Amino acid sequence: MSDPTPTTAPPLDEVMLAMDVVDTLRAHRELVAKELDDEGRAASFADRVKSIYASQGIDVPDAVIRQAVEALEEDR
């Protein structure tokens, strides 16, 4: 018998939030491309994305922003 190792999936609300961040970043693809060209500006870019959501009263964890940027880079 196989003993599958249980995996913990992120909560659905976190997944939905990450998908929304990816959509927002796709809408601003030109800005994203410019910002991601320089590694030194990556933190500043993440802060600006976070502030977009904060202005709407939504707290987005840094990990969700990182995942969204990675997904965008992979064109998911």
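Biologist: Let's start with Asp62. Is that residue buried, partly exposed or exposed?
Modeller: Asp62 counts as partly exposed, because its relative accessibility is 44%, which falls between the 20% limit for buried and the 50% limit for exposed. Keep in mind that this is a predicted model.

Biologist: Noted. Which helix is Asp62 in?
Modeller: Asp62 sits in helix α4, which covers residues 62–73.

Biologist: And what does the side chain of Asp62 meet in a salt bridge?
Modeller: The partner is Lys50, with an N to O distance of 3.0 Å. The two side chains are also joined by a polar contact of 3.0 Å. In general, side chains of opposite charge can pair when their charged atoms come close.

Biologist: How far apart are Asp62 and Lys50, C-alpha to C-alpha?
Modeller: The C-alpha atoms of Asp62 and Lys50 are 7.9 Å apart in space.

Biologist: What about Lys50 itself, buried or partly exposed?
Modeller: Lys50 counts as partly exposed, because its relative accessibility is 24% and the buried class stops under 20%.

Biologist: While we're on Lys50, what's its C-alpha separation from Ile65?
Modeller: For Lys50 and Ile65 it comes to 7.5 Å, and the two are 15 residues apart along the chain. Ile65 is one of the buried residues of α4.

Biologist: Where on the helix do the buried residues of α4 fall?
Modeller: They line one face of α4, because they fall within an arc of 160° when you look down the helix axis.

Biologist: And which exposed residues are on the face turned away from the buried side?
Modeller: That face of α4 carries Arg66 and Glu73, both exposed.

Biologist: How does the reach of α4 compare with what's expected?
Modeller: With 12 residues, α4 reaches 17 Å from its first C-alpha to its last, close to the 16 Å expected at 1.5 Å a residue.

Biologist: Which residue takes a positive phi just after α4?
Modeller: That would be Asp75, where phi is about 60°.

Biologist: Let me switch to the other end. Where does Leu17 lie, and is that residue buried or exposed?
Modeller: Leu17 is in helix α1. Leu17 counts as buried because its relative accessible area is 17%, under the 20% cut-off.

Biologist: How far is Leu17 from Ile65 in sequence and in space?
Modeller: Leu17 and Ile65 are 48 residues apart in sequence, while their C-alpha atoms are 9.2 Å apart in space.

Biologist: I'm also looking at Met19. Which helix is that in?
Modeller: Met19 is found in helix α1, residues 12–27. With a relative accessibility of 47%, Met19 counts as partly exposed.

Biologist: Which residues make the nonpolar surface patch?
Modeller: Val15, Met16 and Met19 make a nonpolar surface patch of about 270 Å².

Biologist: Let's zoom out. How many helices and strands are there in the protein chain?
Modeller: You get four helices and zero strands, and from the N terminus on the elements run α-α-α-α.

Biologist: Last one: what share of the residues in the chain is buried?
Modeller: Of the 76 residues in the protein chain, 24% are buried.

Technical notes: Residues numbered from 1 in each chain as written. Predicted model: local features only at pLDDT ≥ 70, side-chain atom pairs only at ≥ 80, totals over all residues. Heavy atoms only, no water. Patch = residues over 30% accessible without salt bridge, like charges linked within 9 Å, V, L, I, M, F, W, Y side chains within 5 Å. Areas by Shrake-Rupley, 256 points an atom, 1.4 Å probe, with all protein chains shown as cover. Salt bridge = Lys/Arg side-chain N within 4 Å of Asp/Glu carboxyl O. Helix = DSSP H or I, 4+ residues; strand = E, 2+ residues; numbered from the N terminus. Buried < 20%, exposed > 50% of the residue type's maximum accessible area, 1.4 Å probe, protein only. Polar contact = N/O pair within 3.5 Å; in protein donor to acceptor, adjacent residues only side chain to side chain. Expected span 1.5 Å × (residues − 1). Arc of directions from axis to C-beta.
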